Amino acid sequence: MTSIINSTVPEFKVQAYHNGKFVTVTNEDLKGKWAIFFFYPADFTFVCPTELVDMVDKYDRFKAMGVEIYSVSTDTHFVHKAWHDTSESIRKINYPMLADPTGVLSRGFGVMIEEEGVAYRGTFVVNPEGKVKLVEIQDNSIGRNADELLRKVAAAQFVEAHPGEVCPAKWQQGAETLKPSIDLVGKI
């Protein structure tokens, strides 16, 4: 199995539902900013809306960090709109909901479940150069936590801005980091 870490986001052009409109989103839209691709199995389901609302509850914090969120499922943009119009929870979403009915994104990021035609719960953090810096893929019965994702994005941004430093376990923004060197070997 080949790792997707530090690989470039695949080229894509998909439809999305965003702020009451249908829009086109491409890999070119990512250039120069941080992005999160937040794959989920399907609209009108059970765990998915809890995660999408958790992300929208933290959306202002992500935006303040210069991060755009893109939720992605294999539904069409029409289904995203219908879900948005009928669900009080999903109506809160103000980040782009990408439609991937052909599976181009789901396959490109390695989360497509071919026999079901849906994606695993995959989370990908992409830096401003279009490189994947964080990957989490989990079974569809396990929901994710936006607070933990905020922490990880902050760590990814910190190490990108501070070459030679690393963030230890449970690192929080403003906490001490480490500068790997021979002096630290065996002392942590």
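Let's start with Asn19: this residue is exposed, with a relative accessible area of 52%. Keep in mind as we go that we are looking at a predicted model. Asn19 is found in the loop between S1 and S2, and its phi is near 50°, a positive value in a residue other than glycine.

What surrounds that loop? Strand S1, residues 13-18, and strand S2, residues 21-26, pair in the antiparallel sense over six bridges. Two residues lie between the strands of this hairpin, and His18 stands opposite Lys21 in S2.

Asn6 also has a positive phi without being a glycine, and here the value is near 70°. You will find Asn6 in the segment before S1. With 42% relative accessibility, Asn6 counts as partly exposed, since exposed would require over 50%.

Now, on to the helices. How many of the 11 residues of H1 are buried? Eight of them are, so H1 is largely enclosed by the rest of the structure. If you'd like to find them on your screen, they are Cys48, Pro49, Glu51, Leu52, Val53, Asp54, Met55 and Val56. And what do these buried residues pack against? Their partners are strand S3 (34-39), helix H2 (59-64), S4, H3, S8 and helix H5 (146-161).

The UniProt record, an unreviewed entry, places the feature "active site" at Cys48. In the model, Cys48 is buried, with a relative accessible area of 1%. Setting aside neighbours within four places in sequence, Cys48 is in contact with Tyr40, Pro41, Ala42, Trp83 and Arg121.

Trp83 takes us to our next helix. In helix H3, residues 77-86, the residues His77, His80, Trp83 and His84 are buried. They cover an arc of only 120° around the axis, which puts them on the same side of H3. On the other side of H3, Phe78 and Thr86 are exposed. So where does the buried part of H3 pack? The buried residues of H3 pack against S1, S2 and H1, as well as strand S4 (67-73) and strand S5 (97-99).

Last topic: the aromatic rings. There are 12 aromatic pairs in this model. One of them is formed by Phe109 and Phe124, a tilted pair with 4.7 Å centre to centre and 55° between the planes. Why is this pair worth a look? Phe109 lies in the loop between helix H4 (104-108) and strand S6 (112-113), while Phe124 is in strand S8 (residues 121-126), so the pair ties together parts that are 15 residues apart in sequence.

One more ring before I hand over, that of Phe38. The charged end of Arg144 sits over this ring, 3.7 Å from its centre.

Note on methods
Residues are numbered from 1 along each chain as its sequence is written. This is a predicted model: local features need pLDDT of at least 70, side-chain atom pairs count only at pLDDT 80 or more; totals for chains, interfaces and linings use all residues. Side-chain values use heavy atoms; hydrogens and water are left out. Rings of Phe, Tyr and Trp (its six-membered ring) pair if their centres lie within 6.5 Å; planes under 30 degrees apart count as stacked, over 60 as edge-to-face and the rest as tilted. Helices (H or I, at least four residues) and strands (E, at least two) are DSSP runs, numbered from the N terminus. A charge sits over a ring if NZ of Lys or CZ of Arg is within 6 Å of the ring centre and within 35 degrees of the ring normal. UniProt positions are given in the numbering used here, feature names are shortened, and annotations may be inferred rather than shown by experiment. Buried means under 20% relative accessible area, exposed over 50%, partly exposed in between (1.4 Å probe, protein chains only). Contact means heavy atoms within 4.5 Å. Two strands pair if DSSP finds at least two bridges between them. The arc is that of the directions from the helix axis to the C-beta atoms.
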